[in-house]
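Here's a quick briefing to read with the model open beside you. Let's start with the ground rules and then walk through the fold piece by piece.

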Amino acid sequence: MRVLFDTNVLLDALLAREPFVEDAAFLLKGIESGQIEGFMSATTVTDVHYLVGRQTRSPETAITAVIRLLELMEICTVDRNVLNERSHWDFQILKMPFKSPVLWP
């Protein structure tokens, strides 16, 4: 199963944020076991680095978190071609936010 992870789900697991840490950790274990193919946006990497570093006050912990995610997950490519290809969709009819078809691999 392919899953696009929201930044907050990853932060819940990495920072052991209650009450969601257990569910978030379960999902990451699914990636580790191969049951889930995990994806994240490129901006998630920078957000995780900044927020983990700020929360823990440890640059080393922030970098370790980023390295762990990069080992586990794929990055969704978003460039001009992706935006041009998907921007013609009628999002009013589909009733989905613009980011959904842009980020989904």
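Helices (H or I, at least four residues) and strands (E, at least two) are DSSP runs, numbered from the N terminus. With that in hand, just past α1 you'll find alanine 16 with a positive phi of about 50°. This is a predicted model, where local features need pLDDT of at least 70 and side-chain atom pairs count only at pLDDT 80 or more, while totals for chains, interfaces and linings use all residues. Residues are numbered from 1 along each chain as its sequence is written, and side-chain values use heavy atoms, leaving out hydrogens and water.

**The overall picture**

- The protein chain has 7 helices and 3 strands, and from the N terminus on its elements run β-α-α-β-α-α-β-α-α-α.
- Of the 105 residues in the protein chain, 34% are buried; buried means under 20% relative accessible area, exposed over 50%, and partly exposed in between (1.4 Å probe, protein chains only).
- Take the contacts in the protein chain with a separation of 6 or more: residues 24 or more positions apart account for 65% of them. Contact here means heavy atoms within 4.5 Å.
- The protein chain exposes about 7,100 Å², and carbon and sulfur atoms supply 56% of that. Accessible areas come from the Shrake-Rupley method with a 1.4 Å probe; for residues, only the protein chains shown count as cover.

**The sheet**

- The 3 strands form an open sheet in the order β1-β2-β3, with parallel pairing. β1 (2–4) and β3 (74–76) are the edge strands, each pairing on one side only.
- On average, neighbouring strands of this sheet are turned by 35° against each other, direction ignored.
- Two strands pair if DSSP finds at least two bridges between them. β1 and β2 pair in the parallel sense over 3 bridges, and 3 bridges also join β2 to β3, again running parallel.
- β2 is mostly covered, with 4 of its 5 residues buried.

**Helix α1 and its neighbours**

- Helix α1 spans residues 7–14, and its buried residues are Thr7, Leu10, Leu11, Asp12 and Ala13.
- Those buried residues pack against α2 (21–33), β2 (37–41), α3 (42–56) and α4 (59–72).
- What caps the N-terminal end of α1? Aspartate 6 does, with a side-chain oxygen 2.9 Å from the backbone nitrogen of asparagine 8.
- Two packed helices are described by the angle between their axes and the distance between the axes. α1 and α2 pack at an angle of about 100°, with their axes 8 Å apart.
- α1 and α2 are therefore roughly perpendicular to each other. Angles under 35 degrees count as roughly parallel, over 145 as roughly antiparallel, 65 to 115 as roughly perpendicular and the rest as oblique. The axes are lines fitted to C-alpha atoms, for helices over the stretch in contact, and angles run from 0 to 180 degrees between N-to-C directions.
- On the α1 side, Val9, Leu10, Asp12 and Ala13 meet Val21, Ala24, Ala25, Leu27 and Leu28 in α2.

**Serine 41 and threonine 43**

- Serine 41 lies in strand β2 and counts as buried, at 10% relative accessibility.
- The side chain of serine 41 makes polar contacts with the side chains of threonine 43 (3.0 Å) and threonine 44 (3.0 Å).
- A polar contact is a pair of N or O atoms within 3.5 Å; within protein, one must be able to donate a hydrogen and the other to accept it, and residues adjacent in sequence count only if both atoms are side-chain atoms.
- Threonine 43 lies in helix α3. Threonine 43 and cysteine 76 are 33 residues apart in sequence and 9.8 Å apart in space, C-alpha to C-alpha.

- Most residues other than glycine have a negative phi, and most peptide bonds are trans.
- Alanine 16, in the loop between α1 and α2, is partly exposed at 47% relative accessibility.
- Proline 19 is in the loop between α1 and α2, and the peptide bond from glutamate 18 to proline 19 is cis, with omega near 5°.
- Arginine 57, found in the loop between α3 and α4, has a positive phi near 60° and counts as exposed at 76% relative accessibility.
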